[in-house]
Amino acid sequence: MSGVTEALATQSNKPRPSSRIPDFFRLSVAERTHTLKSLGHLDDADLALLDEAGLQVGRANGMIENVIGVFGLPLGLGLNFLVNGIDRVVPLVVEEPSIVAGLSGAARLFRLSGGFQAEASDPLLIGQVQVGGIADAQQAAADLTSRSEEIIGLANSLHPKMLARGGGAKAIEVHTHATPSGEMLVLHLIVDTRDAMGANLVNTMCEGIASLVESITGGRVFLRILSNLSDRALVTARAVVSEQNLEGKGYSGAEVRDGIILANDLAIADPYRATTHNKGIMNGVDPVAIATGNDWRAIEAAAHAYAARSGRYQSLTKWHRTEDGHLAGEICMPMKVGTVGGSLESNPLVKLCYRLLGSPDARALAEIMGAVGLAQNFAALRALSTVGIQQGHMTLHARSVALSAEVPAEHFDQVVDELIECEDIKVWKAKEILQSIRGRGRGASPSAAHVGAKEARSQACGKIVLMGEHAVVYGRHALAAPIPLAVEARVKDATSGIQLLIPRWNIEQRVPSLDEHPQGTIGILALVLRQLRLESRSMMIEVFPAVPKAMGLGGSAALAVAVIRALDLHFSLGLDDARVNELAFECETAAHGNPSGIDNTVATYGETLLFQSNRGAPQYSRVAPSEPVPLVIGISGRESLTARMVSQVAAARAKRPQAYDRIFDQIEAYTVSAVSAFTNGDMESLGETMNLCHGLLNGLQVSSPEIERMVHAARKAGALGAKVTGGGGGGSMIALTPDCTDEVSGALASLGYETMKLTIEASA
């Protein structure tokens, strides 16, 4: 057993994390990967691999000839899959829109009825040995059959390890054909390839038995190669969805069920419809095959050939009504796949995709792919038989319109949601919605209620640190600016207990008493409720963040401030800004250990501040630029844990206090210089100071490969300055972008990083 095989076998025995992740599509890319990490689907090495885009040119050069680069395709996830009682997160490499969403939605419906039941037969391949120049084909066929054990033994001697694993050549079949070239004989060698894809294995066996076949038949062997019509390796998958769960979009469950059955009947009767019908099935199967390094072309060829096995091309699926009135579906198709060797060994992203799947063996992978094919067929037929296939593209269209309207990242999802809701997906409408969203916050204090919401929402700002990270913890100054409307929150009455709902961060859970020692976000809220004496009240706390968490943008402080204000608003507590700030600082201390207080202060007051912690008695003053300061925020997607980075710097300072204090003094000098440049509109000096400060922060080892990559790209695209912002170790960076905001944002986006555009407005 190879090291890879052993690793896969070990991982396959571990309990699988759930594939049900509500509102996953609403998260940013960074939030999605970190959600997968928190659930146990990915680890830090996987996140780094995804950030590096997986396959590098040097590795690709060893895979095929004449390499000049690497061509990228999106890697998405099919969620909600339950196959034979096992949760499966399904990797999908595909560029066509709506496939991933359609699959995930279909799997969610089938999940409600127990998911998919699938069975795969033994992984058999057929190798063909063509023999010509035979005087008597019938006699030659009889001679080959009589010596089948000898032929099988010779084939297995070429791959004894495969035989030891329970695979190897199992049988032969002999066929004769009358052709224009004369009578021809073809020997079929039936080979069980176990977890290997098997093409090279079977070809080697066919080559190896060629001489023996010639000696037995007296003929001449020509072709010696596998057949891709793998009809001995079949997968069957079945699923049921109740009539009630089919209801929606103005259609009854019975109408949807009967429409799907009628559409499938046409694909059984009409090869023109069947071709498109089966192509839709492969829309699901092929992306899994590509993600797992399997030969999708061979799978395609086998599927279409199998669909025509009766002499008439037909559907690969069957849908019918059960006695209970539910919809039941079944798919049966060839599915010869492998999980060892070939691209699994050479492409690191393929290995990652196998881990996401739970490291299945070849049989289990075939069963998963059969379930995916059935789910994709259902999704397409449901769309076709109800609102039409174009309706499924509405979200994609809305996102494209929002991009055309240049909606910034912090408002993007909200604009898309409102476009879909109003069903008027136009660029002008997107701009109108954006203007409305901005108007809700313009001219209002950070504590003002969210006017447009059905229930009042509070607001809080995130933050970026322009200058002074880490040095501010040791009494030096820092210059920080707010990210408007970073977090909103509202509180509703509930019948019992306290519940927290943060859809974008995939949090939906009870808030326990502080006596239970809850951790993380829940712990922060428990502390707030204890301080405000609200532990015994029943409520639902809803949080709507516009910034990703743990990215150095003040998300935790903004959450604390927004929730405190929402509690104040709902329960009429009469808190002023100073008290809100004080409570938020206590939350930051609980979360980060030794915070400077800058995050909660900016979150509370929503202004650009020159801040100094001053031994627990913070001092701050408002700072305003003389002209707008355009910035681009680049988000690495790698979690930044402020407490860890602060502790790391503190530990290093404890070993060399004088050296580190000199660095902090230099950062302080740069901060003072930056304030002067900031207020006087000297963008070149401000950018230069940012670059110098980043060098010191890098020396403190609080940068990361992702941050360095973005800093370099931003400067190359024209940014006057670029540096890490916040605690570091991942998180985010900022770039000063007079006259090049779009260029810098585009450069970072082309590397796969999320960006936000932010302008610090000039003083009136």
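The model is predicted, with local features needing pLDDT of at least 70 and side-chain atom pairs counting only at pLDDT 80 or more, while totals for chains, interfaces and linings use all residues. Residues are numbered from 1 along each chain as its sequence is written, and side-chain values use heavy atoms, with hydrogens and water left out.

Helix α12 (residues 271-291) packs against helix α13 (residues 296-307) at an angle of about 155 degrees, and their axes lie 9 Å apart. Helices here are DSSP runs (H or I, at least four residues), numbered from the N terminus; axes are lines fitted to C-alpha atoms over the stretch in contact, and angles run from 0 to 180 degrees between N-to-C directions. The two helices are therefore roughly antiparallel (angles over 145 degrees).

With α16, helix α12 makes an angle of about 135 degrees, at an axis separation of 8 Å.

N377 itself sits in helix α16 (residues 362-385). At 2% relative accessibility, N377 counts as buried (under 20% relative accessible area, 1.4 Å probe, protein chains only). Beyond its neighbours within four places in sequence, N377 touches N264, H277, I281, T317 and W319.

How values were computed: Angles under 35 degrees count as roughly parallel, over 145 as roughly antiparallel, 65 to 115 as roughly perpendicular and the rest as oblique. Buried means under 20% relative accessible area, exposed over 50%, partly exposed in between (1.4 Å probe, protein chains only). Contact means heavy atoms within 4.5 Å.
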